[in-house]
Amino acid sequence: TMTVVAHAPAKVIQEIIHKCPSIDILGTNSYGGVGVVAGALSQAGWDKGYIVTEWGPDGGWEVSHTKWGAEIEPSSTEKAHQRAYRYGVMTGDRARCLGSYAFHWGYKQEVTPTWFNIFMEDGSATESLEILQYLWTGRFPDNLAPRISELLLNRHGPQANVTVKPGECLTASYELTRGDPEEVRVEWELLPESTDKRKGGDREERPEAVVIEKVCESPGRLQFSAPAEPGPYRLFVYVFGGNNTVATANFPFLVK
């Protein structure tokens, strides 16, 4: 018999211990906190087995935000690294951790259209897929996804709180750190910052894309005009490799 809680709240776990003694296994949904789950459960008095029923990259509630409140999302490469480390932490607790469920296997809009997905909407696989395959089977797939460095805007990282004027000429750039530059296909997308951010995985509407007024484009670089309408936006880059793979990154900025 099993029940699930969000992370490891001591008060809730102690109530389960005292009021529901027939529960044999505790499920915990944890992301950035995976590394402290085992200790938190022990401190709360849980001495039975547990399953990490949701885990993955840092959630939107765990990352840094811009001054206007936009979440700073890790790139697909950073998410793959987070998954690899957290899986190692969970499998290290051989005495009590009975298994785990990687979230989210398919595609969904949550804060952004790229945040938790292992696959994009068109079925393209991110680097997280190959990491999970290796962790579960000891073997990487034959076709590896591209890797890219942090996406920059006017040479700044997302933590710089980039604010621009309507129509200002902007330069986005990144480096391809794995993959053949001659074989990748690059797509850029500009979205208004989502205003339909919900809790608990409830369905969210994807914002309507804004037409990008390109000035020029070259490998790893895009010059474009900032939207004329003031407000928060997010620029996405999708770097598609061969055999249905993709790397993703995005950059939140404010037009003021």
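Reader: What volume does the second largest cavity have in this predicted model, and which elements give two or more residues to the lining of the second largest cavity?

Author: In this predicted model, the second largest cavity has a volume of about 40 Å³. Its lining includes Leu 191, Pro 192 and Arg 234, and the elements that contribute two or more residues to that lining are strand 10 (185-192) and strand 13 (231-241).

Reader: How do the residues lining the second largest cavity divide by class?

Author: Among the residues that line this cavity are Val 111, Pro 113 and Phe 236, along with Gln 109, Thr 112 and Glu 193. Sorted by class, the lining of the second largest cavity holds six nonpolar, three polar and two charged residues.

Reader: Which helix gives the largest share of the lining of the largest cavity?

Author: The largest cavity has a volume of about 50 Å³, and the residues lining it include Ser 76, Lys 79, Arg 83, Trp 115 and Phe 116. By class, this lining divides into two nonpolar, six polar and two charged residues. The largest share, three residues, comes from helix 3 (residues 76-92).

Reader: Is Pro 219 buried or exposed?

Author: Pro 219 sits in the loop between strand 11 (213-218) and strand 12 (221-225). Because its relative accessibility is 83% and the cut-off for this class is over 50%, Pro 219 counts as exposed.

Reader: How far apart in space are Pro 219 and Val 186, C-alpha to C-alpha?

Author: In sequence, Pro 219 and Val 186 are separated by 33 residues. In space, the distance between them, taken from C-alpha to C-alpha, is 8.4 Å.

Key. Residues numbered from 1 in each chain as written. Predicted model: local features only at pLDDT ≥ 70, side-chain atom pairs only at ≥ 80, totals over all residues. Heavy atoms only, no water. 1 Å grid on protein atoms, 1.4 Å probe; cavity = no way out; pocket = protein on both sides within 12 Å on 5 of 7 lines; lining within 4 Å. Points joined across faces, edges and corners; volume = space filled by probe spheres on them. Helix = DSSP H or I, 4+ residues; strand = E, 2+ residues; numbered from the N terminus. Nonpolar A, V, L, I, M, F, W, Y, C, P; charged D, E, K, R; others polar. Buried < 20%, exposed > 50% of the residue type's maximum accessible area, 1.4 Å probe, protein only.
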